[in-house]
Amino acid sequence: MTSAYTVYEFYLEPADLRGQAHTVTVAAASVRDIFNKRTMKNEPKIVIAFVAHHKKLVANKTQTEAMIDLTGTDIIEQWHGATIQIAPAIAPNKQATIAISAVAEAATADVLDPTPPGSAEADAEAAQSKRA
């Protein structure tokens with residue numbers, strides 16, 4: 001059976017985020033010709049694909065600058081594996097957009113410390129760290 005996602009590319013819109021920030025990992029970034037409704041022409045744009053997500057992000061200049069700052073490189077092929085946070089936002093022109101930022105430390109801590117507080121493991125770890 002053929003998935004529509006193998007035939008067409010679907011692009012992420014601010015409404016797709018449902019008002020929430022999401023932590024995602026970049027699967028790949030590439031340059032694609034995307035139709036610009038204002039100029040009525042195809043224009044080269046950076047398209048970012050995410051691990052385990054079908055929709056891709058067509059990056060604008062602000063989002064691209066954020067990716068350069070977060071990854072430390074302007075070479076888009078080196079963005080693979082970067083973990084970022086995407087969230088709905090409002091652009092200076094008052095239009096809905098998607099903001100790209102570093103992953104919040106609280107979100108990172110949840111990923112790195114899966115031991116729930118109050119569990120026997122957490123109590124044992126706390127006791128051991130007091131002894132050290």
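**Entry 1: a bridge to begin with.** I started at Ile86 and found that its bridge partner in S5 is Ile100. Before going on, I noted that this is a predicted model, in which local features need pLDDT of at least 70 and side-chain atom pairs count only at pLDDT 80 or more, while totals for chains, interfaces and linings use all residues. Residues are numbered from 1 along each chain as its sequence is written, and side-chain values use heavy atoms, with hydrogens and water left out.

Then I wrote down my terms. Helices (H or I, at least four residues) and strands (E, at least two) are DSSP runs numbered from the N terminus, and two strands pair if DSSP finds at least two bridges between them.

**Entry 2: the S4 and S5 hairpin.** I followed strand S4, residues 83-90, and saw that it pairs with S5 in the antiparallel sense over six bridges. Ala87 faces Ala99 of S5. Five residues separate the two strands of this hairpin, and Lys94 in the turn has a positive phi of about 70 degrees.

Entry 3: In what order do the five strands lie? I read S3-S2-S1-S4-S5, an open sheet with antiparallel pairing. Strand S3 (57-59) and strand S5 (96-101) are at the edges with a single partner strand each, so one side of each has no neighbour in the sheet. From one strand to the next, the twist averages 40 degrees.

**Entry 4: the helix across it.** I looked next at helix H2, residues 61-71, which lies across strand S1 (22-36), strand S2 (41-50), S3, S4 and S5, and runs at about 10 degrees to S5. For such angles, axes are lines fitted to C-alpha atoms, for helices over the stretch in contact, and the angles run from 0 to 180 degrees between N-to-C directions. Contact itself means heavy atoms within 4.5 Å.

Which residues of H2 are buried? I listed Gln63, Thr64, Ala66 and Met67. Seen down the axis of H2, the buried residues fall within an arc of 160 degrees, so they line one face of the helix; the arc is that of the directions from the helix axis to the C-beta atoms. On the other side of H2, I found Lys61, Thr62, Glu65 and Asp69 exposed. My cut-offs: buried is under 20% relative accessible area, exposed is over 50%, and partly exposed is in between (1.4 Å probe, protein chains only). The cover over the buried residues of H2 includes S1, S2, S3, S4 and S5.

**Entry 5: the core.** A nonpolar core here is a set of buried Ala, Val, Leu, Ile, Met, Phe, Trp, Tyr and Cys residues joined through side-chain atoms within 4.5 Å. The largest one has 19 residues, and those with the most contacts inside it are Val26, Ile48, Phe50, Trp79, Ile84 and Ile86. At least two residues of this core come from each of S1, S2, S3, H2, S4 and S5.

I checked Trp79, which sits in the loop between H2 and S4. Trp79 counts as buried, because its relative accessibility is 0%. Leaving out residues up to four places away in sequence, Trp79 touches Val26, Ala29, Ile46, Ile48, Thr64, Met67, Ile68, Thr71 and Thr73. Trp79 and Ala29 are 50 residues apart along the chain, yet their C-alpha atoms are separated by 6.8 Å.

**Entry 6: Ile98.** This residue of strand S5 counts as buried at 4% relative accessibility. Beyond four places in sequence, Ile98 touches residues including Leu12, Pro14, Leu57, Gln63 and Ile86.

**Entry 7: two loop residues.** Most residues other than glycine have a negative phi. Arg18 has a positive phi of about 50 degrees; it is in the loop between helix H1 (4-7) and S1 and is exposed at 73% relative accessibility. Ala52 has a phi near 65 degrees, lies in the loop between S2 and S3 and is exposed at 76%.
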